[in-house]
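Subject: Structure handover

Hello,

Here is the structure I said I would pass on. My notes on it follow below.

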Amino acid sequence: MMLPELRSAIPAGRVLEITTTTGCIVGCSYCPQDKFADRQRKVSHSKHLSLEDFKRCLARVPTSVDISFAGYSEPWLNPDCTEMVEHASARGHGIRIFTTLMGMKERDLQRLQALRLRVFVVHVFDDGTYMNSRLVGDQYRDLVRQLVDAKIPSIRFVVLGEAHPDIVDIIPAEALVRSRPVSSRGGSLDPKIVEPRQPVVGALTCVDERQYRNVLLPNGDVTLCSMDFERRHVLGNLLCDEYADLFESPFFCEIVDRMNGADGFLLCRMCEYADPKDRMLTGCRRTA
């Protein structure tokens, strides 16, 4: 059990991403969703993260840790997602949202507008090159219009490729950030979409410190980061482990050792966020 004084000692800047559901209908070609769903279903029958389990997990997480509704699938495909956001906000966590709006209703948007959101990124549907553009309908267009009119300070609209023709006139050009797929998700993507990098040899560091931006799964498991779609590095389970204990576990210590150059599989070696380094990393305290 983590003592109260240790809860307050968790460094600021950490993030826990929430994967609310196993499986995603959005069908982004640059997301290895099928690999995640296949691995997850082999260890758990929990398709959705239940509201009760979310609250149990969050009770173990210090409020200095931001809660990000993103993860490995569209958050609002879980009908309890808005209530999860409200609960995390009421506990005092910083809230980050990354959504395609799929599954979100007008009432959900109204409830979100009442909250203080640190980050609100809308992943806009493209012209069908990478996403299932058939999902763009009247409800989606209405939600986009409402978000544009709401003028939420933290909101950003991002599209990978070209925006869907039915919404290109809804979002002001200056408000739409255009990007392209740049990450192979640790080598999990089809190389025809993103060419994997050459593996990093020896000691490395994550330039984004993603070892502290972990992902909660529907069954309570916590994976290393948002690149770990195949559950290669599971740190523990927040239904039974305290948040601080995840970073003192043998699993996390093994990751740190390998980031420092030890032998053994390490997803980070294939990740675009990895940077070769000579210095040793810290952050794992072994307990007897």
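This is a predicted model: local features need pLDDT of at least 70, side-chain atom pairs count only at pLDDT 80 or more; totals for chains, interfaces and linings use all residues.

Helix α6 runs over residues 138–150, 13 residues in total, and spans 18 Å from its first C-alpha to its last, close to the 18 Å expected at 1.5 Å a residue. Its buried residues are Tyr140, Arg141, Leu143, Val144, Leu147 and Val148. They lie on the same side of α6, because the arc they cover around the axis is only 160 degrees. Asp138 and Asp149, on the other side of α6, are exposed. Just after the helix, lysine 151 has a positive phi of about 55 degrees.

Aspartate 138 pairs with arginine 141, with 2.3 Å between the closest N and O atoms. The two residues are 3 residues apart in α6, about one turn of the helix. An α-helix has 3.6 residues a turn, so residues three or four places apart point the same way. Aspartate 138 is exposed, at a relative accessible area of 55%, whereas arginine 141 is buried, at 16%.

The count of salt bridges comes to 16. One of them joins the side chains of aspartate 38 and lysine 42, at 3.3 Å from N to O. Both residues belong to helix α2 (residues 33–43) and sit 4 residues apart, about one turn of the helix. Aspartate 38 is partly exposed, with 38% relative accessible area, and lysine 42 is exposed, with 63% relative accessibility.

Another salt bridge links arginine 231 to aspartate 221, where the closest N and O atoms are 3.0 Å apart. Arginine 231 lies in the loop between β9 (221–223) and β10 (234–237) and aspartate 221 in strand β9, so this pair ties together parts that are 10 residues apart in sequence. Both arginine 231 and aspartate 221 are buried.

Two loop residues come next. Arginine 269 is in the loop between α7 (250–259) and β11 (274–276), and is buried at 14% relative accessibility. Its side chain reaches the backbone oxygen of arginine 258 at 2.9 Å. Leaving aside residues up to four places away in sequence, arginine 269 touches several others, including Arg197, Pro199, Val201, Leu204 and Gly261. Methionine 259 is 10 residues from arginine 269 in sequence, and their C-alpha atoms are 8.5 Å apart in space.

Serine 184 is in the loop between β6 (176–179) and β7 (204–206). At 1% relative accessibility, serine 184 is buried. Not counting residues up to four places away in sequence, serine 184 touches Leu189, Val194, Pro196, Met270 and Glu272.

Last, the cysteines. How many disulfides does the structure hold? The number is 0. The sulfur of cysteine 28 has its closest cysteine sulfur in cysteine 31, 6.1 Å away, and this is too far for a bond. Cysteine 271 is likewise in no disulfide, with the nearest cysteine sulfur, that of cysteine 225, 6.1 Å away. Cysteine 28 is buried at 15% relative accessibility, and cysteine 271 is buried at 6%.

Regards

Terms used:
Residues are numbered from 1 along each chain as its sequence is written. Side-chain values use heavy atoms; hydrogens and water are left out. A disulfide is a pair of cysteine sulfur atoms within 2.5 Å. Buried means under 20% relative accessible area, exposed over 50%, partly exposed in between (1.4 Å probe, protein chains only). The expected span of a helix is 1.5 Å times one less than its number of residues. The arc is that of the directions from the helix axis to the C-beta atoms. Contact means heavy atoms within 4.5 Å. A polar contact is a pair of N or O atoms within 3.5 Å; within protein, one must be able to donate a hydrogen and the other to accept it, and residues adjacent in sequence count only if both atoms are side-chain atoms. A salt bridge is a side-chain nitrogen of Lys or Arg within 4 Å of a carboxyl oxygen of Asp or Glu.
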